[in-house]
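The following report describes the fold, the overall dimensions and one selected residue of a protein chain.

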Amino acid sequence: MSKIALFPGSFDPITVGHVDIVIRSLDLFDKIIVGVGHNSQKNYMFPLQDRIDWIKACFEEYPQVEVKTYSGLTVDYCKEVHARFILRGLRTSVDFEFEKSIGQMNRYLESGIETIFLLSAPQYSPISSTIVRDIIKHGGNAEPFVGSGVKLK
Ligand code: ADP
């Protein structure tokens, strides 16, 4: 059975930290689906299509990486795409506490799906989409922090 992992998130926009997690996990899985969560209640800075196009551009040389959009429960989407693993990155103890609850709840919902955590590379641990959006809003240079496929202008 092939090992498929879903890497879920908003990717508003994708950062170098996200890209690093995906590339480092290529050896662990046969296929990684970057799942762009779409929640109509949430206000995103960038349109869904831009977020998808930028992620695709970041991974164009990696055929094992697919980009998809989904809404609803992450575990339901995992079942739809036959992903037995959820991939998440951990930057801080705050991430850990948050991810622990989500991971344990997902396991209650679907015991056959395991969440796999990779520690952020130290140089990327302060980088978040939230801070990147703040930099952009205030006219700063966010280029060093976003994935190579992101076109901010
Ligand atoms: P969400 O919308 O769920 O907050 P994000 O797009 O912020 O999702 O992040 C998706 C995943 O990427 C999460 O597991 C998050 O911890 C991880 N992540 C975000 N930024 C980094 C980073 N700089 N280094 C490593 N992992 C990261």
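How far apart are the mean positions of the positive and negative charges of the protein chain? The 17 positive charges (Lys and Arg) and the 18 negative charges (Asp and Glu), with His and the chain ends not counted, have mean positions 2 Å apart. Each charge is placed at NZ of Lys, CZ of Arg, CG of Asp or CD of Glu.

This is a predicted model, in which local features need pLDDT of at least 70 and side-chain atom pairs count only at pLDDT 80 or more, while totals for chains, interfaces and linings use all residues. Residues are numbered from 1 along each chain as its sequence is written, and side-chain values use heavy atoms, without hydrogens and water.

The protein chain contains five helices and five strands, in the order β-α-β-α-β-α-β-α-β-α from the N terminus. These are DSSP runs: helices are H or I with at least four residues, strands E with at least two.

| Property of the protein chain | Value |
|---|---|
| Span of the C-alpha trace along the principal axes | about 45 × 35 × 35 Å |
| Accessible surface (Shrake-Rupley, 1.4 Å probe) | about 8,700 Å² |
| Carbon and sulfur share of the accessible surface | 53% |

Of the 153 residues, 43% are buried, meaning under 20% relative accessible area with a 1.4 Å probe, protein chains only. Contacts are heavy atoms within 4.5 Å; among those with a separation of 6 or more, 77% join residues 24 or more positions apart.

S25 lies in the loop between helix 1 (16-24) and strand 2 (31-37). S25 counts as buried because its relative accessibility is 0%. Leaving aside residues up to four places away in sequence, S25 touches I32, L87 and L118.

Technical notes. Buried < 20%, exposed > 50% of the residue type's maximum accessible area, 1.4 Å probe, protein only.
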